[in-house]
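Let's take a walk through a protein together. Keep the picture open beside you and follow along as we go from the overall layout to single residues.

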Amino acid sequence: MKLGIFGFGVVGQGLYHVLQQSNTIQAEIAKFCIKNITKPRSLDATLFTDDKTELLDNPEIDVIVELIDDAEAAFEIVKTAMNSGKHVVSANKKMIAEHLEELLALQKQNKVSFLYEGSCCASIPIIRNLEEYYDNDLLTSIEGIFNGSTNFILTKMINESAPYKDVLKEAQDLGFAESDPTLDVEGIDARYKLCILLYHAFGLITDPHTLFTLGITKINTFDIEFAQKNNFEIKLIAKAKKIGSQIDATVLPTFVDKSSILAQTKNEYNAVILESAFSESQFLYGKGAGDKPTGSAVLSDISALGYGYRYEYKKSAKSKEKIELHEDFQMRIYVRFADQQPDEADFTEVLEKYSSRYGNYWIGYISRQKMKEAQWLEIPEINVIALG
Ligand SMILES: NC(=O)C1=CN([C@@H]2O[C@H](COP(=O)(O)OP(=O)(O)OC[C@H]3O[C@@H](n4cnc5c(N)ncnc54)[C@H](OP(=O)(O)O)[C@@H]3O)[C@@H](O)[C@H]2O)C=CC1
Ligand SMILES: N[C@@H](CC=O)C(=O)O
C-alpha cells in the first residue's frame, strides 16, 4: 500500500510513530499534506506538501488517510479520493456524522473501502465489533463514555478538586481536545460518535442536531458536593436504548454510582457497555483520545485494507423493521438553580426539593420534549444532570 496522509498533528504524528514501530504492515508513506508548509516538522521537508492534488492526483497512492481538524475540507478530500478510486481511512467523527448518507453512497458508487475506527472512542475497536461480532445478536442498548477530554476534566475536577479552566487547558496540551474544544465540553463530539454508532448498532441514520445533548460546562462545586454526598461520580454519558422499533438516544452529564463500571473509567479512558438479547451485558474499555491510541486504531484500519476489508453495514441491510428515533421519553433529572427557578409546570412530577443559602435543587421527572423546549435551561445558573 502507498499512503497519502492528510494531517500531521496529534493523530497524524501518532500514526507515524505506530507505523514506524509496527513490523507487520506493508505500507509506505508517500507524503503528508498539511495546511501550513512553513511550520517546523520533525521529519524531512520533502515528505510534506500543502498541495492536496499531489496526493489526490497521484495514481501510485492507493490509500488516503484523512487526519485533519477541518470537517468541511476533510469531506472534500475524502469525496475526491473516493471518486478517484482510492480507499480512505479517517478519524473525523464530525465529518462522518454530518455526511454519513453521502459517504455511504460514495463508497458504493466507487466500490472502495472507507474505514473509520479511530473516529469513535479512539483505541476501542467498537465499530468493527458492532459490524462483525454483533452481526446476528439483537442489540438493545449501547451506552458509555465516548469523549476522553470531558472524562479527563471531570476526573480531575471531582477527584482532585482542580479548576475547570486549568484542566481544560491540560486536556488541550495533551492533545485530547478538539481544535475547537467547545465540541468536547458541550457534548457535541460525543453526539457525533453516538450518531456513527447508531448506524453500526441499529442501522439508524440520524441528523446529529436532533439528539438531545447537554455538556459539562455548567457543573459547579455544589453539583460535585451533591455527587460526593450521594456516592456518585459525574460522567458525560452517551446512550442509545432500543425500545421496540424506537430508539431513545441522548448525551447527558449523568450521576453514576461510584461502584459502577462507568465510574471506574477515569481520565482520558472511554468505555462502552453493550446490552443484547443473547450475549447480555458486555464492556469495552480503552484510551479514548491521544496520539498513539488513536494512531493504533488508524493503523488497524490500514491493516484491514490489506485484506480487502470494508464495512457491510449489516444492521441496515438486514433489518426488516423500520427503526426510528423517538423523543417521547421521561427523564429523571437533578436540576440545580440559584435565584431563578425552573418552571415547575414543565415537570411531570417533582420528587424532591432542596433549598439552602448555597444553592437549590429539585429532583423530578420531565419529558424529553419539555426539556428540549425549556427556556430556563438557557439560564447560566441552572444546571441539569441526569439520574441514571
Ligand atoms: N486528538 C485526538 O485524540 C483525536 C482526534 N481525532 C480526530 O482526528 C482528526 C485530527 O485531530 P488532531 O490530530 O487532534 O488535530 P491537530 O489539530 O493536532 O492536527 C490537525 C492537522 O490537520 C492539518 N490540516 C488542517 N486543515 C488542513 C487542510 N485543509 N489540508 C491539509 N491539512 C490540514 C494541520 O496542518 P498544520 O500542521 O499545518 O497546522 C494539522 O497537521 C480530527 O478530525 C479529530 O477529531 C479522533 C480521535 C482522537
Ligand atoms: N476530542 C476527542 C478526541 C477523540 O475522539 C475526545 O476528547 O474524546
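Start with the big picture: taken over C-alpha atoms, the centres of domain 1 and domain 2 sit 45 Å apart. Domain 1 covers residues 2-122, and domain 2 covers residues 330-387. Keep in mind that you're looking at a predicted model.

Now let's bring in the database record. UniProt, in an unreviewed entry, puts a feature called "domain: Aspartate/homoserine dehydrogenase NAD-binding" on residues 7-117. In the model, that span is 41% helix and 16% strand, and its end C-alpha atoms are 17 Å apart. The unreviewed entry also lists "domain: Homoserine dehydrogenase catalytic" for residues 125-302. Here the chain is 40% helix and 28% strand, with 14 Å between the end C-alpha atoms.

Next, the ligands. Which residues come nearest to ligand 1? There are 30 residues around it, and the nearest are G7, G9, N36, I68 and A289. Helix α1, residues 10-21, supplies the largest share of this shell, with three residues. Sorted by class, the shell around ligand 1 holds 13 nonpolar, 11 polar and six charged residues.

Ligand 2 has its own set of residues. Around it you'll find A122, N147, G148, S149, F176, A177, E178, D184, D189, G288 and A289. Their classes split into four nonpolar, four polar and three charged.

Time to look inside. In soluble globular proteins, nonpolar side chains tend to be buried together. In this model, the largest nonpolar core has 107 residues, and the ones touching the most other members are I64, V65, L194, L197, L198 and V298. Helix α10 gives this core its largest share, 11 residues. Where does the core lie relative to the two domains? Domain 1 (2-122) and domain 2 (330-387) both contribute residues, so the core lies between them.

Leaving out residues up to four places away in sequence, L194 touches F146, L211, A238, A240, A249 and V251. Pick L211 from that list and follow it. L211 sits in the loop between α10 (188-202) and β8 (212-213). Is L211 buried or exposed? L211 counts as buried because it has 24 C-beta neighbours inside 10 Å, and 20 or more is what it takes. Again skipping residues up to four places away, L211 touches R191, L194, C195, T206, A249, T250 and V251. One of these contacts, R191, is 20 residues away along the chain, yet the two C-alpha atoms are separated by 7.2 Å.

Other loops tell another story. S161 is found in the loop between α7 (148-160) and α8 (164-173). With 9 C-beta neighbours inside 10 Å, S161 counts as exposed, since the limit for that label is 12 or fewer. The backbone angle phi of S161 is near 50 degrees, a positive value in a residue other than glycine. Y313 also has phi near 50 degrees, and again this is a positive value in a residue other than glycine. You'll find Y313 in the loop between α12 (291-305) and α13 (314-318). Y313 is partly exposed, because 15 other C-beta atoms lie within 10 Å.

I363 belongs to strand β16, residues 359-367, and its C-alpha atom is separated by 44 Å from that of G14, 349 residues away along the chain. I363 has 17 C-beta neighbours inside 10 Å, so it counts as partly exposed. Apart from neighbours within four places in sequence, I363 is in contact with Y334, L351, E352 and L387.

Y334 turns up again in the contacts of F226, which touches Y334 and Y361, not counting residues up to four places away in sequence. F226 is part of helix α11, residues 221-229. F226 is partly exposed because 19 other C-beta atoms lie within 10 Å. From F226 to I34, the C-alpha to C-alpha distance is 47 Å, and the two are 192 residues apart in sequence.

Terms used. Residues are numbered from 1 along each chain as its sequence is written. Chains are lettered from A and ligands numbered from 1 in the order in which they are written. This is a predicted model: local features need pLDDT of at least 70, side-chain atom pairs count only at pLDDT 80 or more; totals for chains, interfaces and linings use all residues. Helices (H or I, at least four residues) and strands (E, at least two) are DSSP runs, numbered from the N terminus. Two residues are in contact if their C-beta atoms, placed from the backbone, lie within 7 Å. UniProt positions are given in the numbering used here, feature names are shortened, and annotations may be inferred rather than shown by experiment. A residue is near a molecule or strand if its C-beta atom, placed from the backbone, lies within 6 Å of it. Ala, Val, Leu, Ile, Met, Phe, Trp, Tyr, Cys and Pro count as nonpolar, Asp, Glu, Lys and Arg as charged, and the others, Gly among them, as polar. A nonpolar core is a set of buried Ala, Val, Leu, Ile, Met, Phe, Trp, Tyr and Cys residues joined through C-beta atoms within 7 Å. Domain bounds come from an automatic or database domain assignment.
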